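Keep the 3D view open and click along as you read.

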Amino acid sequence: MPHAAPSDGDRPRPRVLGVQVTASAPGWRRLRKSRAGAGGPLAPAAMAVAAVAALLAALSGVLWLAARRFVGPGVQQLHGGGDSGLMHGKTVLITGANSGLGRATAAALLRLGARVIMGCRDRARAEEAAGQLRRELRQAGGREPGSDVGAAGELVVRELDLASLRSVRAFCQEVLQEEPRLDVLINNAGIFQCPYMKTEDGFEMQFGVNHLGHFLLTNLLLGLLKNSAPSRIVVVSSKLYKYGDINFEDLNSEQSYNKSFCYSRSKLANILFTRELARRLEGTNVTVNVLHPGIVRTNLGRHIHIPLLVRPLFNLVSWAFFKTPVEGAQTSVYLASSPEVEGVSGKYFGDCKEEELLPKAMDESVARKLWDISEVMVGILK
C-alpha cells in the first residue's frame, strides 16, 4: 500500500539555532515561498558569484606559483655551483630515467659528476631522452657526459622492464658483468592507477612493477652495492600510501580490484620494504631511505581520464599547484648525494626533511611477512 504524503502539519519542523520554527508562522510561509522561486532571479547572481570565486582562486594559484618560482630553490640551486663534482667517480642507477622525476634526477646527478645508468623499458625513448640530456648540458655550458675527466658524468642506457622478472634478471646480470661498482640505486619507476592488467609473470601490474620488480632488482644488486660501500639505496614512494593496506589474502587483486587502492598499497609496500631492508643492512655501510616527491606534473597519470571540458581547468590547477619534475626530484637527489644523510637509514623523507609515518607503515611484523612472501613471488626462494 503506498504511503500517503504527509500534510504540512505532519512534516518535521525545521530548527534554526536550536529553536523549532512552526509552519503557521508567517515568516516560515514567506521562506517557503521564496525557496519555491529561488531558481529565478537568484540563480544568475549565484552563478556570477561562483564564477568570480573560481577566477579569484585561479589568480591566487598563479600568484602563488609566481612567488614560489622566485623564492623557492630548485634542485640545481641546492645541488649546483660549488657541489658540481660531489658525485664524481660514483655510479648511479635510476629506473624509469627517461621521463618525469627519473629524467630530472638523472640530469641533476649528471651535473654533479655522477656516472648515470638509465634503466628504462623503452630503449628507443631512453636513447632519445639521453640525447636531449646531453644537448641540455652542452647548452648550459657543461661538456658532453663522459667527454672529459672532471666534466659532467657519463650517461649509459640499458633496457629494463620491471613488469618482467626475466628482464630484471637479464638487466642485473648485465650490470654485474660490466659495472665494477654501484654507489647509488634509485628505485624511481612506477605505474599509476592503471586499469586491471597483469605483468608477464601474472602479477597485478601496479604491485608487480612498483614493488615486486624493484624488490627483485634490489636483491640481485645488493652484493655489488655492499662491495661498493658506502653506498645508498633510494626508494620513491608516495603520500598516497596512507590509503593502502596490505591484504595478504589477495595481494594479486584477484578477488577485487580498485586502481586507486592498489596504487596506494604498492606505495605502502615500498615503505615496508625499505624499513625491513634497512634492518637487514645494519652494519654493512649500505643505507636505504624512502621518500615522497609531492604532487608532480609528470606522465605518471596517463591512465587517468580527464573530461575534455575539465581539461583546461585541470591544466591551470596543475600548472599553479603541482611541482615541476625538477622540484619533485629534489629529495631523490638529496638522498642520493648529500653528506647530510650519510649513515642515515630506514627513514621517510619529503622536501629533503625526515617525516613521520603512520603506524601501519612501521609495522615490523607486516614488513617481515611481506618480505618473505615477496621472496617467494619473485623466485628468490622456491
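## Starting from one asparagine

Let's begin with Asn210. Leaving out residues up to four places away in sequence, Asn210 touches Ala189, Gly190, Ile191, Met205, Tyr263, Ser266, Lys267 and Asn270, where contact means heavy atoms within 4.5 Å. You'll find Asn210 in helix α7, residues 205-227. Helices here are DSSP runs of H or I with at least four residues, strands are runs of E with at least two, and both are numbered from the N terminus.

Is Asn210 buried or exposed? Its relative accessibility is 1%, so Asn210 counts as buried. (Buried means under 20% relative accessible area, exposed means over 50%, and partly exposed is in between, using a 1.4 Å probe and protein chains only.) The side chain of Asn210 also reaches the backbone nitrogen of Ile191 at 2.9 Å, and a polar contact of 3.0 Å links the side chains of Asn210 and Ser266. A polar contact is a pair of N or O atoms within 3.5 Å; within protein, one must be able to donate a hydrogen and the other to accept it, and residues adjacent in sequence count only if both atoms are side-chain atoms.

## What you are looking at

This is a predicted model, in which local features need pLDDT of at least 70 and side-chain atom pairs count only at pLDDT 80 or more, while totals for chains, interfaces and linings use all residues. Residues are numbered from 1 along each chain as its sequence is written, and side-chain values use heavy atoms, with hydrogens and water left out.

The chain has 12 helices and 10 strands. Of its 382 residues, 45% are buried. Among contacts with a separation of 6 or more, 77% are between residues 24 or more positions apart.

## Helices α7 and α8

The axes of α7 and α8 come within 7 Å and cross at roughly 20°. (Axes are lines fitted to C-alpha atoms, for helices over the stretch in contact, and angles run from 0 to 180 degrees between N-to-C directions.) α7 and α8 are therefore roughly parallel to each other; that label covers angles under 35 degrees, with over 145 counted as roughly antiparallel, 65 to 115 as roughly perpendicular and the rest as oblique. The contact involves residues of α7 including Gln206, Asn210 and Phe215, and residues of α8 including Tyr263, Ser266 and Phe273. Sorted by class, there are 8 nonpolar, 6 polar and 2 charged residues in this contact. (Ala, Val, Leu, Ile, Met, Phe, Trp, Tyr, Cys and Pro count as nonpolar, Asp, Glu, Lys and Arg as charged, and the others, Gly among them, as polar.)

The C-alpha atoms of Gln206 and Ala163 are 9.0 Å apart, although 43 residues separate the two along the chain.

## Helix α4 and its two partners

Now find helix α4 (residues 100-111). It packs against helix α11 (residues 330-337) at an angle of about 40°, with the axes 9 Å apart. That makes α4 oblique to α11. Thr105, Ala108 and Leu109 of α4 meet Ser332, Val333, Ala336 and Ser337 of α11. This contact has 4 nonpolar, 3 polar and no charged residues.

What about α4 and helix α5 (residues 123-139)? Their axes come within 11 Å and cross at roughly 40°. That makes α4 oblique to α5 as well. From α4, Arg103, Ala106, Ala107, Leu110 and Arg111 meet Ala129, Gln132, Leu133, Glu136 and Leu137 of α5. Here the classes are 6 nonpolar, 1 polar and 3 charged residues.

Most residues other than glycine have a negative phi, and most peptide bonds are trans. The peptide bond from Ala229 to Pro230, though, is cis, with omega near 5°. Pro230 sits in the loop between α7 and β7.

Asn285 has a phi near 70°, a positive value in a residue other than glycine. It lies in the loop between α8 and β8 and is partly exposed, at 49% relative accessible area. Cys352 also has a positive phi, about 65°, without being a glycine. Cys352 is in the loop between β9 and β10 and, at 15% relative accessibility, counts as buried.
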